[in-house]
Amino acid sequence: MNKTDILLVGTTHLNMPNNGDLFMPDMPDVLSEKRQLEIKQFVNQLAKFEPTKVCVEMNTSKKEYINEQLQRIIQQPELATANEREQIAFRLAQQSHLDFVYPIDWNEDEGFSLETIIQDKKQEMEQILSSQQDVMNHIEKIFKNRTISDYYKEINHPTITLSMHRAYLEIASLEVSGTRWVSHYWYFRNLMIFKELMSLRESNDRIFVLYGLGHIHLLKQFLSESGLFSVHDLNTYLV
């Protein structure tokens with residue numbers, strides 16, 4: 001089998017859910033007329049990749065649920081929320097004449113708690129979190145001052161994805177507890193996502209992946225170093 005073409009797009013949570021994330025940048029007015037036009041333009045640009053599969057950040061056990069949701073919103077677009085899956089992935093699937101999206105996430109409690117590390121290494125974690133808050137503040141400014149296409153172009157730049165990845169390496173240096181959490185949860189989770197992408201590979205596939213921005217550095221590394229994927233540059237399509 002030839003290398004599988006894949007396009008990774010890192011995203012923030014446009015609907016700002018209360019999902020336990022330590023950071024949640026403010027993403028206002030996603031459903032406004034102006035932003036909706038920008039999102040449609042962005043999806044038109046992504047459609048030039050011509051995906052045969054669209055993958056989203058949702059637990060693999062929810063295939064039936066996510067695809068029922070996809071069909072409901074295709075039939076009644078007015079039901080779409082600000083959620084990035086509905087705004088971008090669902091629209092791209094529909095525009096690409098795909099009637100199915102693939103949830104590829106794994107996110108289970110393995111008994112290693114980040115909250116415990118925050119409590120045990122308070123001063124060190126405050127420094128790490130402060131640095132990441134600066135990144136989030138920068139992302140908020142980009143969102144407020146750019147179109148949706150330019151926003152995604154800028155936040156997917158390697159300087160941002162690498163800065164987010166380095167926070168996990170800093171946590172891994174905080175004694176054994178930090179090393180265990182990063183290796184047994186964070187790296188393991190991203191390897192499980194990679195495994196799902198491996199299982200989806202078929203001849204002549206072109207796989208589009210919309211995922212949380214913090215995952216992008218590792219996923220690109222795994223996919224590129226596997227030698228089995230041709231990882232496309234988002235900028236190629238934002239013209």
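Reader: How many residues has helix 7, and what distance does it reach from its first C-alpha to its last?

Author: The model is a predicted one. Helix 7, residues 158–172, has 15 residues and reaches 21 Å between those two atoms, close to the 21 Å expected at 1.5 Å a residue.

Reader: Which residues of helix 7 are buried?

Author: Burial is judged by relative accessible area, with under 20% counted as buried. In helix 7 this applies to Ile160, Thr161, Met164, His165, Ala167, Tyr168 and Ile171. They lie on the same side of helix 7 because they cover an arc of only 135° around the axis. On the other side, Pro158 and Thr159 are exposed.

Reader: What covers the buried residues of helix 7?

Author: The cover includes helix 4 (114–120), helix 5 (122–145) and helix 6 (148–155). Helix 8 (175–200) and helix 9 (216–226) also belong to it.

Reader: Let us turn to the sheet. What is the order of its five strands?

Author: Strands of a sheet pair through backbone hydrogen bonds, either parallel or antiparallel. Here the sheet is open, its order is 3-2-4-1-5, and the pairing is parallel. Strand 3 (102–105) and strand 5 (229–232) form the edges, each pairing on one side only. From one strand to the next, the twist averages 35°.

Reader: How many bridges join strand 2 to strand 3?

Author: Three bridges link strand 2, residues 53–59, with strand 3, and the two run parallel.

Terms used: Residues numbered from 1 in each chain as written. Predicted model: local features only at pLDDT ≥ 70, side-chain atom pairs only at ≥ 80, totals over all residues. Heavy atoms only, no water. Helix = DSSP H or I, 4+ residues; strand = E, 2+ residues; numbered from the N terminus. Expected span 1.5 Å × (residues − 1). Buried < 20%, exposed > 50% of the residue type's maximum accessible area, 1.4 Å probe, protein only. Arc of directions from axis to C-beta. Contact = heavy atoms within 4.5 Å. Pairing = 2+ DSSP bridges. Axes fitted to C-alpha atoms, helices over the stretch in contact; angles between N-to-C directions.
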